Amino acid sequence: MLELAIGIILGGCALGAGCAMIAGIGPGIGEGTAVAAACEAIGRQPECKGSVTTTMLMGCAVAETTGLYALVIAILLIFVAPGRFVNILLEAIG
Amino acid sequence: MSKIDPTIKKETGYIAITVLILSALMEAVYLIIGRWELGVLLGNLLGGGVGILNFFLMGMGLQSALNKDEKGAKATVSFSHTMRFMLLAGVLVLAYFVDIFKLLPTVLALFFPSIGVYIKTFLIKNKGKDAT
């Protein structure tokens, strides 16, 4: 029974980490959209390349923060959470 | 290797300065609360350094994507994104498994470039408001 409970904890953590990484898709799409729009803008007004690149870089950096949050959560769920949850379970059943 | 765009150099320099300032601030906070140790400094250096490298690599990826057609740009951005994510994941795993690095300062330092971008955006917004 204990093995089953530990298995459920480990499975839940792995599943949670996988779900958290869904947030990694968003920055990819966002960056792609930003680059596409920047390409268009530079094509229309090549003299604005500097300011367009700056804005795009900043936008991409902001968009990527979400992915980084997800990555940190996933890493914590994989490496830190299982040990803590198993300890809590073992303490609860004495 | 393609020439580095001056805009990317300038922005990476700005981000590096922001990361330095925020790192000094974090070290000061750790000192004040009495929890400073070498692992905090090393974790901070690792996280901050990789944060700056990540921003620079993102800039390089976007620069090379700008010079390509739509399909090539998509492939370049997706490749750059995946590689950078793997780099960040590797750093987090390293910080967790190697005892000389503390995990929390490493994670916090990885967010410093984003904080720098938020600060810059905020300053630009305020500048725009003042001008009008």
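**Close-ups of a predicted two-chain model**

View 1. A compact globule of 94 residues would come out with a radius of gyration near 12 Å, yet chain A has 21 Å. Keep in mind that this is a predicted model. Along its principal axes, the C-alpha atoms of chain A fill a box of roughly 70 × 15 × 10 Å. Of its 94 residues, 23% count as buried.

**View 2. Chain A, helix by helix.** Here you'll find three helices and zero strands, so the pattern along the sequence reads α-α-α. Now for who touches whom: take the contacts in chain A between residues at least 6 apart in sequence, and 83% of them join residues at least 24 apart.

**View 3. The largest nonpolar core.** This core has 43 residues, and the members touching the most others are A:Val35, A:Met56, A:Cys60, A:Leu71, B:Leu62, B:Leu88 and B:Leu92. Helix 3 of chain A gives the most, with 13 residues. As a bit of background, nonpolar side chains in soluble globular proteins tend to be buried together.

**View 4. Zooming in on B:Leu92.** Which residues is B:Leu92 in contact with, once its neighbours within four places in sequence are left aside? From chain A, the partners are A:Leu71, A:Val72 and A:Ile75, and from chain B there is B:Val107. Two of the names in this view, B:Leu92 and A:Leu71, are also among the core members that touch the most others.

**View 5. Helix 2 of chain B against helix 3 of chain B.** The two axes come within 9 Å and cross at roughly 175°. An angle over 145 degrees counts as roughly antiparallel, so that is how these two helices of chain B run relative to each other. On the helix 2 side, the contact is made by residues including B:Gly43, B:Leu46, B:Val50, B:Asn54 and B:Leu57. Helix 3 answers with residues including B:Ala73, B:Thr76, B:Val77, B:Ser80 and B:Leu88.

**View 6. How confident is the prediction?** Chain B averages a pLDDT of 89, and 95% of the residues score at least 70. Among the elements of chain B, helix 1 has the highest mean pLDDT (93) and helix 4 the lowest (85). The model as a whole scores ipTM 0.80 and pTM 0.87.

Notes. Residues are numbered from 1 along each chain as its sequence is written. Chains are lettered from A and ligands numbered from 1 in the order in which they are written. This is a predicted model: local features need pLDDT of at least 70, side-chain atom pairs count only at pLDDT 80 or more; totals for chains, interfaces and linings use all residues. A nonpolar core is a set of buried Ala, Val, Leu, Ile, Met, Phe, Trp, Tyr and Cys residues joined through C-beta atoms within 7 Å. A residue is buried if 20 or more other C-beta atoms lie within 10 Å of its own, exposed if 12 or fewer, and partly exposed in between; C-beta atoms are placed from the backbone. Helices (H or I, at least four residues) and strands (E, at least two) are DSSP runs, numbered from the N terminus. Two residues are in contact if their C-beta atoms, placed from the backbone, lie within 7 Å. pLDDT is the predictor's confidence in each residue, from 0 to 100. The radius of gyration is taken over C-alpha atoms; the globule rule is 2.2 Å times the number of residues to the power 0.38. Axes are lines fitted to C-alpha atoms, for helices over the stretch in contact, and angles run from 0 to 180 degrees between N-to-C directions. Angles under 35 degrees count as roughly parallel, over 145 as roughly antiparallel, 65 to 115 as roughly perpendicular and the rest as oblique.
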